[in-house]
Amino acid sequence: MTDIFVVGKRTDTCYDVDFRLEKSFLSLKYDTGAVSTVISARLLRRSLTPENLGRIKDFCEAQECDKAKLFSASGHSFWGYLVRADSVRIGSSKFYNFYFYLVPENERDIALLGFDFIDKTKRVIEPCGNCMMSQFDESAYKRRQKGKAIDAGKLIAFIDSLTEG
């Protein structure tokens, strides 16, 4: 077990968790209903055009990575591409092997910390409504992630090349 301490701040409908991947700082929604952790490309770089989102999809398709058909709570489906990041911060804790599905084409900006991660933590809900996660089982998390993934550094460099200039 790796000891971590993450506080999810209660909002109206969910918990928000601070997340940092390279230059991107996002607020992930702690979502026990999401099977997998999912982040839309649009959230990684807000300046992406529809054309660039298509290029990101083409880039992901050309990689040797796992691809999954994911479903929203409303039943809409979309494709996600498995990404592995070697330096992610969630709250005050750093993770060296963090997996998520990148969603290049989505009408909504989404960033969900899914059950694939949440299930590997001990969770406590405080009386004021905040959630604390600790005792992350890194071994169980790594065993669950069996597929081939895109390297996050390579993906971010590609995205940055689209938005420069």
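The legends below go with close-up views of a predicted model.

Figure 1. Take the contacts in the chain with a separation of 6 or more: residues 24 or more positions apart account for 62% of them.

**Figure 2. Helix 2 has a buried face.** This helix covers residues 50-62, 13 residues in total. From first C-alpha to last, helix 2 reaches 19 Å, close to the 18 Å expected at 1.5 Å a residue. Its buried residues are Asn-52, Leu-53, Ile-56, Phe-59 and Cys-60. Seen down the helix axis, these buried residues fall within an arc of 115°, so they line one face of helix 2. An α-helix has 3.6 residues a turn, so residues three or four places apart point the same way. On the other side of helix 2, Pro-50, Glu-51, Asp-58 and Ala-62 are exposed.

**Figure 3. The buried residues of helix 2 pack against helices and strands.** Two helices are among the partners: helix 1 (41-44) and helix 5 (152-163). Strand 6 (77-85), strand 9 (98-103) and strand 13 (150-151) also pack against the buried residues of helix 2.

**Figure 4. Cys-60 and Cys-65 are both without a disulfide partner.** The count of disulfides comes to zero. Cys-60 is in no disulfide, and the nearest cysteine sulfur, that of Cys-65, is 6.1 Å away. A disulfide needs sulfur atoms within 2.5 Å, so at 6.1 Å the sulfur of Cys-65 is too far from that of Cys-60 for a bond. Both residues are buried: Cys-60 has 1% relative accessibility, and Cys-65 has a relative accessible area of 17%.

Figure 5. Ala-152, Leu-155, Ile-156, Ile-159, Asp-160 and Leu-162 are buried in helix 5.

**Figure 6. Asp-160 is a buried residue of helix 5.** Its relative accessible area is 12%. Under 20% counts as buried, so Asp-160 is buried. Leaving aside neighbours within four places in sequence, Asp-160 is in contact with Lys-23 and Arg-45.

**Figure 7. Ala-68 sits in strand 5.** Ala-68 is buried, with a relative accessible area of 16%. Leaving aside neighbours within four places in sequence, Ala-68 is in contact with Phe-78, Trp-79, Gly-80 and Tyr-101. Leu-102 is 34 residues from Ala-68 along the chain, and the C-alpha atoms of the two are separated by 10.0 Å.

**Figure 8. The largest pocket has a lining of 26 residues.** About 640 Å³ of space lies in this pocket. Closest to the centre of the pocket are Phe-71, Ser-72, Ala-73, Phe-78 and Arg-108. Strand 3 (24-30), strand 5 (67-71), strand 6 and strand 10 (111-113) each supply at least two residues of the lining. Which strand gives the most to the lining? Strand 5 does, with three residues.

How values were computed:
Residues are numbered from 1 along each chain as its sequence is written. This is a predicted model: local features need pLDDT of at least 70, side-chain atom pairs count only at pLDDT 80 or more; totals for chains, interfaces and linings use all residues. Side-chain values use heavy atoms; hydrogens and water are left out. Buried means under 20% relative accessible area, exposed over 50%, partly exposed in between (1.4 Å probe, protein chains only). Helices (H or I, at least four residues) and strands (E, at least two) are DSSP runs, numbered from the N terminus. The expected span of a helix is 1.5 Å times one less than its number of residues. The arc is that of the directions from the helix axis to the C-beta atoms. Contact means heavy atoms within 4.5 Å. On a 1 Å grid over the protein atoms alone, a cavity is a set of points where a 1.4 Å probe fits but cannot get out, and a pocket is an open set with protein on both sides within 12 Å along at least five of seven lines; lining residues have an atom within 4 Å of a point. Grid points are joined across faces, edges and corners, and a volume is the space filled by probe spheres set on the points.
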